[in-house]
Amino acid sequence: MLIIAMLDANAQDASISGTVVEAKSGENIISITIALYKDSITADSKPIRGTYTNKFGYYSLTKLPAGEYYIAAKGIGYSTFSKRIRLSASEQLRLNIELTTEDVKMGEVVVEAERAETGTSRISSISLSPIFISKMPSLGGEIDVFRAMQLLPGVKQSNELSSGLYVRGGSPDQNLTLLDGVIVYNPIHLGGFLSVFNADALRDVKLIKGAFPAEYGGRISSVLDMTMKEGTKEKISGSGGISLISSRLAIEGPIGENTSFMLAGRRMYLDILAALATGDSDEMPTYYFYDLNLKVNHKISDNDHVFLSGFLCKDILSAPEELDENFSIFWGNQTANLRWMHIASPEVFTNFSLIYTSYAFGTDIYDKENMSNNFKTKSYIRDVMLRAEAQYFPSVSHKIKFGTEAIMHDFIAKAAISFDDDYWESPFNSKDVSSVEASIYAQDEWDITELWNANIGGRLFYFQEANYLKFEPRFSTSYKLSDKTSLKGSVALAHQFLHLIVRNDITLPTDLWFPSTSEVRPSRSWQGVVGAEHLFNSGEYLLSAEFYYKDMRNLYEYKDSSMFSFGIPLENQFTRGRGEAYGMEIFFNKRLGDFTGWIGYTLSWTKRYFDELNHGKMFYPRYDRRHDVNIVLTYKLGEEWELGATWYYGTGQAYTMPTGTYSFENIGDYEWEEDKYQYTQRNGARLPAFHKLDLNFMRYVTLYGLPFTFSINIYNAYNHKNP
């Protein structure tokens, strides 16, 4: 009622609102710049108002005096739309815009959304197009979103074959990974070799590396927000690919006039190839994965859309039965989201969602001859969530976003030495928790002046287990020194109520998700970022630099003395510590022309402090590296050929190394059978520096009337022998 009263009070003001879609497919387009001009649009014209489309393609310009205007919509890879309009007093003009794709001078990489006349206070935010990601070199021909993200400054990998994202000193579990607004707890296949996200199913990929706004919560490091394609409304079409280890297929198209769909799947066939190569499946480990994406979009009216999206993936890994020491590991995600998008008025845009997500992970490591070496873990999470969010445009200088979430969590966590099934089922080895998590948030994008804007917000969290209530202030700001140069800064407090506990003494994955309890406190981080950026040569080049500091508390790992034996509660196996990360990132991006790409450099420190680890002394986690350099480029060689190349250099990762051996003389009748090792401090040694060059040659051809892309990937082109 308050919103309606406010709208009535300004009934004499006119407004323009609508959605921006791609002309052929009908899909909504994110981050399109909308600018309003009083006079004709020329190169020297300055807009009097501006905004950009949100993640659902919606825009709104409110509180406009009656009169004649020119409106323009433009974005990377699309032809510019312009139109002359006339507004009468109190008119609410609905102007839906269709943009046609265009081979323009711009490349497909977008940095911190579209930088145009409408400044925003985004910082540490980078968007990558799935089209650009597909041009990057890949191992085995597998296009991978996470490996593209690892080429950005501030993002690290733990080792060469890991696709996990270690963002500014945080571990992968501290990243909020969202697919169509739904949390994906484990976003990796093959123990980190590939991410679970099929690039053919994605429309937009955005990474916020730190100090994220109040609309995001539940993690302390970063946000990876991905949106699936909605399905073209033009005609049934598809795409697919065959690599050395897997195949994928995506189909999309209309179902009637107002409905469209997208279906994409991928399956790894390493298990089939191994069986064919050996002729005996019992001699080889069994491993395969699959993932499936589905989205249906139905337009009820201009003001109402309904979306149904789902995601399913699973991994199975087991050793040959004939081995004495064996293992079996499985993990998988399931998600579903039923969302209703409703435009209440030009000033109010709303979304309501019913969400389901589940994640299961199990490890069984066993020795047929020595039962004391057997070890099992099981981690299971099931969430049912209700979410409501709204955007409100009360005036020229304010864009307010607010919302609420309520989640019912079910957790099961088990870890034990498994002598037999009865012992494994013992309540001492497990923790079962059902808990309600609730949160509300509000944020205001405030244009304080034409040069200065800010995003001010906060998030209030409640976690039923142990009645945790936490408030998280968020603030970011941007000041334009000129049309080409700006200064930015942000600070944010974040909490995380779930912990991923890892056994560092076992090389196979034994990850265990564990909720906060009265004994296990929520993790907390303070993050601060300051930076500057400058555009050169009419926006063709962008140079940015950012400095960050992150303080992390209530981090958990297994104790070195963990004993998974009868009678010891699981949370007593954990030890609590803190961490800090700080550094500098430089990003130089060429955004236009046939030759595009970037050079990124990161200087960083990541530290951990645990009273019960490393004798209480500071140590570096394995993914700490002092220097990282990334060079990424694509180059069009005529109409049919394109080159993608990446070069990476990184300081060697930290690890614990034996420095000597020792032994004891025989005592009585007891004989020592083996030497003992003396080690460095925890991760006290460094591997040599790592560097490699990867190349991808692409050929675009048409066969039988269909477009094909053939690619040859050369991994480690100059054959450097990395450790």
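Is leucine 637 buried, exposed or partly exposed, and what is its relative accessible area? I looked this up and found leucine 637 partly exposed, with a relative accessible area of 39%, where buried means under 20%, exposed over 50% and partly exposed in between, with a 1.4 Å probe and protein chains only.

I noted that this is a predicted model, in which local features need pLDDT of at least 70, side-chain atom pairs count only at pLDDT 80 or more, and totals for chains, interfaces and linings use all residues. Residues are numbered from 1 along each chain as its sequence is written, and side-chain values use heavy atoms, leaving out hydrogens and water.

I then checked confidence: pLDDT, the predictor's score for each residue from 0 to 100, averages 83 over the protein chain, and 85% of the residues score at least 70. It stays under 50 over residues 1-11, and over residues 104-121 the pLDDT is below 50 as well. Where pLDDT is low, the predicted coordinates should not be read in detail.

For the overall build, I recorded 5 helices and 45 strands in the protein chain, taken as DSSP runs (helices H or I, at least four residues; strands E, at least two) numbered from the N terminus. Of the 723 residues in the protein chain, 54% are buried.

Returning to leucine 637, I placed this residue in strand β38, which spans 627-637 and, like β45 (706-714), supplies at least two residues of the nonpolar patch.

Definitions and conventions. Contact means heavy atoms within 4.5 Å.
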